[in-house]
Amino acid sequence: MKTQQKQTWGQCLAGFGCALLLANPAFAADPANGEKLYNGGCFKCHDTTIHTRPDKIIFSKKALIKRVEFCEGNAGMNWNKGQIEDVAEYLNKTFYKYEN
Ligand code: HEC
């Protein structure tokens, strides 16, 4: 066990597996990237004022991710799950501020 741990750390120092060891959890969303993505393709139908409108339709993080997925499909952006989560994180941090 001890030898194996040593080996893993050694490999990490050598540059192998460091991402796995240190970048955990690997799913942390990146709102700065989300902002770039949003600005690159979400202004076709609405701007960001829609996220603070009085009759908004989003009341949770989960619903926000679903809506981003839906709009992303309409926009034909072909984002992957990580990109969708980045955009949802950006919108949540900037406008919605839902805990979950
Ligand atoms: C094809 C047109 C279209 C595009 C492109 C589009 N949206 Fe939308 N979006 C809408 C419409 C229409 C609504 C309002 C829906 C309603 O009121 O029921 C909306 C609403 C939303 C909402 C909910 C606003 C609220 O709080 O009530 C979010 C979040 C959203 N869009 C995100 C995005 C993102 C992210 C993108 C870029 C991938 C995007 N939209 C691109 C049409 C679009």
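Reader: What pLDDT does the chain average?

Author: This is a predicted model, and 73% of the residues score at least 70. Over the chain, the average pLDDT is 85.

Reader: In which helix is confidence lowest, and in which is it highest?

Author: Helix α2, residues 18–22, has the lowest confidence, at a mean of 51. Where pLDDT is low, the predicted coordinates should not be read in detail. At the other end, a mean of 97 gives the highest confidence to α5.

Reader: How many helices and how many strands does the chain have?

Author: Read from the N terminus, the elements run α-α-α-α-α. The count is therefore five helices and zero strands.

Reader: Is α3 roughly parallel or roughly perpendicular to α5?

Author: Two packed helices are described by the angle between their axes and the distance between the axes. For α3 (residues 31–41) and α5 (residues 81–96), the axes come within 7 Å and cross at roughly 95°. Angles of 65 to 115 degrees count as roughly perpendicular. That is why α3 is described, relative to α5, as roughly perpendicular.

Reader: Which residues make the contact of α3 with α5, and how do they divide by class?

Author: From α3 come Pro31, Asn33, Gly34, Glu35, Leu37 and Tyr38. The side of α5 supplies Gln83, Asp86, Val87, Glu89, Tyr90 and Lys93. By class, this contact has five nonpolar, three polar and four charged residues.

Reader: Which residues of α5 are buried?

Author: Buried residues make up 17% of the 100 residues in the chain. In α5, the cover over the buried residues includes α3 and α4. The buried residues of α5 are Ile84, Glu85, Asp86, Val87, Ala88, Glu89, Tyr90, Leu91 and Asn92.

Reader: Which helix gives the most to the shell around the ligand?

Author: The ligand is surrounded by 21 residues, the closest being Cys42, Cys45, Lys56, Cys71 and Ala75. At least two residues of the shell come from each of α3, α4 (61–75) and α5. With seven residues, the helix that gives the most is α4.

Reader: How do the residues of the shell around the ligand divide by class?

Author: Cys and Ala count as nonpolar, and Lys counts as charged. The shell around the ligand divides into 13 nonpolar, four polar and four charged residues.

Reader: Which residue just after α5 takes a positive phi?

Author: The phi in question is about 60°. The residue that takes this phi, just after α5, is Lys97.

Note on methods:
Residues are numbered from 1 along each chain as its sequence is written. This is a predicted model: local features need pLDDT of at least 70, side-chain atom pairs count only at pLDDT 80 or more; totals for chains, interfaces and linings use all residues. Axes are lines fitted to C-alpha atoms, for helices over the stretch in contact, and angles run from 0 to 180 degrees between N-to-C directions. Helices (H or I, at least four residues) and strands (E, at least two) are DSSP runs, numbered from the N terminus. Angles under 35 degrees count as roughly parallel, over 145 as roughly antiparallel, 65 to 115 as roughly perpendicular and the rest as oblique. Two residues are in contact if their C-beta atoms, placed from the backbone, lie within 7 Å. A residue is near a molecule or strand if its C-beta atom, placed from the backbone, lies within 6 Å of it. A residue is buried if 20 or more other C-beta atoms lie within 10 Å of its own, exposed if 12 or fewer, and partly exposed in between; C-beta atoms are placed from the backbone. pLDDT is the predictor's confidence in each residue, from 0 to 100.
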